[in-house]
Amino acid sequence: MVFQKPPDGGWGWVIVVVSFFAQFLCYGSPLAVGVLYLEWLDAFGEGKGKTAWVGSLANGIGLLASPVCSICVSSFGARPVAIFSGFMVAGGLMMSSFAPNIYFLYVSYGIVVGLGCGLLYTATVTITCQYFDKRRGLALGLISTGSSVGLFIYAALQRELIELYGLDGCLLIVGALSLNILACGSLMRPLESSSSPPPEKMCVDKVPDQYFVYREKEKTIEENISILEKGYIDEKCVNNVPDCKQDNILNKNVLSSINVNEKDTYKKKVVEQTNFCKQLAKRKWQLYLTYWKETMVLFKNKVFSALFVAILLFDIGGFPPSLLMEDVARSANISEDDYYMPLISIIGIMTTVGKLILGILADFKWVNTLYLYVTTLLMTGVALFAIPFAKSYLTLAMLSGILGFLTGNWSIFPYVTTKTVGIEKLTHAYGILMFFAGLGNSLGPPVVGWFYDWTQEYDSAFYFSGFCVLLGGFLLLLAVLPCWNACTNQSSKLPPNTYSYKVASNA
């Protein structure tokens, strides 16, 4: 389907507003799960690595299922998927209030809420990219700040609700608030295609040709049966013999011929239906092979391959602070009286600032978004190495702000992906990259929690996290350096189906 030229405004700004609020309502609780994490530690008495799986699943499972989410958005559209995700998020949060143990939370909060978040995120990013071209960086930056604002507000909101109504009451109220996603999703009007044939013609065109062959043959068989019956009636009128035995014999002969013909008809129908199923399975198999061929073509692009490694390592090391920073402060014996603001809230508000500023920078012609993304990765690695040296609330707050700002690079990641593979392959490529991001999100916090369970301190865990992020940043930088790119100039001569990022071009 070929869409109209992106309007870069108009109803697109409505899409930005509703996408902002949808991400705010959807991601507020999962991103601020650090507040709930402390309550679950006290309520169930499990280890930190085991309890951290709840939050990591909620933030990672939706990204792991990104290929499936992308297929859902491509098949059904952004609006139905967004509405359905609202039911999943609200239902999962409400179910979590009745959790008898940590394993129930793995399903209700981790899987159900996580899948709902993944569906909504894919829907909002896809429809925003369809409505914007020149201002895509700004639009993506605006909608992605919804989750960061949600983190800032929900961190304080959930803490206050827990004090007033307990953990169960908090989850019920937050789940009820998530139902407003349904209203946001209903306003995501799809962008019409530029040349869409009439609905009747589209429906007919989608029917396989083999089905029409089968229908024609079936029609011919029915006509033969009608002719046979007519011939029998005429013959009876002509040969009006009073002899009942002759009439009975004639009836038996004709009926037996009809029965034989019906058996042949049934056999022919079975054969035609079998051929139809074979043709349909063959076409589905061809689509499946085409999907994997396109996937392999994407991985032939060295920048795309480096991107999936970088996003995997970034989420293994960069996500744990947003989940565990409150526990890091408690482990450092920092009194709650010294708190001016929850550390998670600081991460949330600075992520909002980072997404906006980085999104605006991505729209400048003199800024290469890929180099900008690499810079954020390297700086994040350095900040993670500094966490073990922070022993006061002020230093932890400063590091939380820096990490939050750098985490705002999520707003330019769809922009980088679009520039790498093109808008036509955005859904396909973005789903693959988000799968690896979800894998990193799911593994990062439990690994850090296990480090603490083994060593009873977070220092070695954050050294490991910083190393992962730095490694991903250096690998991506190596893939896009001009000296390395000069060795593979043949990529510019590849067929049209191959997608290569031109580092020298201005993003």
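The axes of helix α14 (residues 343-362) and helix α16 (residues 393-407) come within 6 Å of each other and cross at roughly 35 degrees. This pair belongs to a predicted model, in which the protein has 20 helices and zero strands. Of the 507 residues in the protein, 50% are buried. Among contacts in the protein with a separation of 6 or more, 85% join residues 24 or more positions apart.

**The α14 and α16 pair**

- Two packed helices are described by the angle between their axes and the distance between the axes.
- The crossing in which α14 passes α16 is right-handed.
- On the α14 side, the residues that meet α16 are Leu343, Ile346, Ile347, Met350, Thr351, Val353, Gly354, Ile357 and Leu358. Their partners in α16 are Tyr393, Leu396, Ala397, Ser400, Gly401, Gly404, Phe405 and Thr407.
- Sorted by class, this contact of α14 with α16 contains 11 nonpolar residues, six polar residues and no charged residues.

**Helix α16 and its cover**

- The length of α16 fits its residue count: at 1.5 Å a residue, its 15 residues should span 21 Å, and its end C-alpha atoms are 20 Å apart, which agrees.
- Buried residues in α16 are Tyr393, Leu396, Ala397, Leu399, Ser400, Gly401, Leu403, Gly404 and Leu406.
- The cover over these buried residues includes α13 (320-331), α14 and α15 (369-386).

**The α7 and α17 pair**

- Helix α7 (residues 136-178) and helix α17 (residues 413-421) have axes that come within 9 Å and cross at roughly 145 degrees.
- Arg136, Gly137 and Leu140 in α7 meet Pro414, Tyr415 and Thr418 in α17.
- The contact of α7 with α17 is made up of three nonpolar residues, two polar residues and one charged residue.

**Helix α1**

- Helix α1 covers residues 11-31, and its 21 residues should span 30 Å at 1.5 Å a residue; the end C-alpha atoms are 29 Å apart, in agreement with that value.
- A kink of about 30 degrees is present in α1, with its centre on leucine 25.
- Most of α1 is covered, as 15 of its 21 residues are buried.

- Residues buried in α19 are Ala461, Phe462, Ser465, Gly466, Cys468, Val469, Leu470, Gly472, Gly473, Leu476, Ala479 and Val480.
- Serine 465 is part of helix α19, which comprises residues 459-480. Its relative accessibility is 0%, so serine 465 counts as buried.
- Apart from neighbours within four places in sequence, serine 465 is in contact with Ile316, Gly317, Leu384 and Val448.
- Alanine 461 also lies in helix α19. Because its relative accessibility is 0%, alanine 461 counts as buried.
- When neighbours within four places in sequence are left aside, alanine 461 is in contact with Val448 and Phe451.
- Alanine 461 and phenylalanine 385 are separated by 76 residues in sequence, while their C-alpha atoms are 9.7 Å apart in space.

**Leucine 119 in helix α6**

- Leucine 119 is located in helix α6 (residues 102-131).
- The relative accessible area of leucine 119 is 9%; buried means under 20%, so this residue is buried.
- Leucine 119 touches Cys69, Cys72, Val81, Phe84, Ser85 and Met88, if residues up to four places away in sequence are not counted.
- Between leucine 119 and glycine 62 there are 57 residues of sequence separation, and the C-alpha to C-alpha distance is 7.0 Å.

**Leucine 191 in a loop**

- Leucine 191 is found in the loop between α8 (181-186) and α9 (199-205).
- With a relative accessibility of 9%, leucine 191 counts as buried.
- Leucine 191 and isoleucine 127 are 64 residues apart in sequence, and their C-alpha atoms are 7.9 Å apart in space.

Note on methods
Residues numbered from 1 in each chain as written. Predicted model: local features only at pLDDT ≥ 70, side-chain atom pairs only at ≥ 80, totals over all residues. Heavy atoms only, no water. Helix = DSSP H or I, 4+ residues; strand = E, 2+ residues; numbered from the N terminus. Expected span 1.5 Å × (residues − 1). Bend = angle between axes of the 7 residues up to and from the residue. Buried < 20%, exposed > 50% of the residue type's maximum accessible area, 1.4 Å probe, protein only. Axes fitted to C-alpha atoms, helices over the stretch in contact; angles between N-to-C directions. Left-handed = near helix turned anticlockwise from the far one by under 90°. Contact = heavy atoms within 4.5 Å. Nonpolar A, V, L, I, M, F, W, Y, C, P; charged D, E, K, R; others polar.
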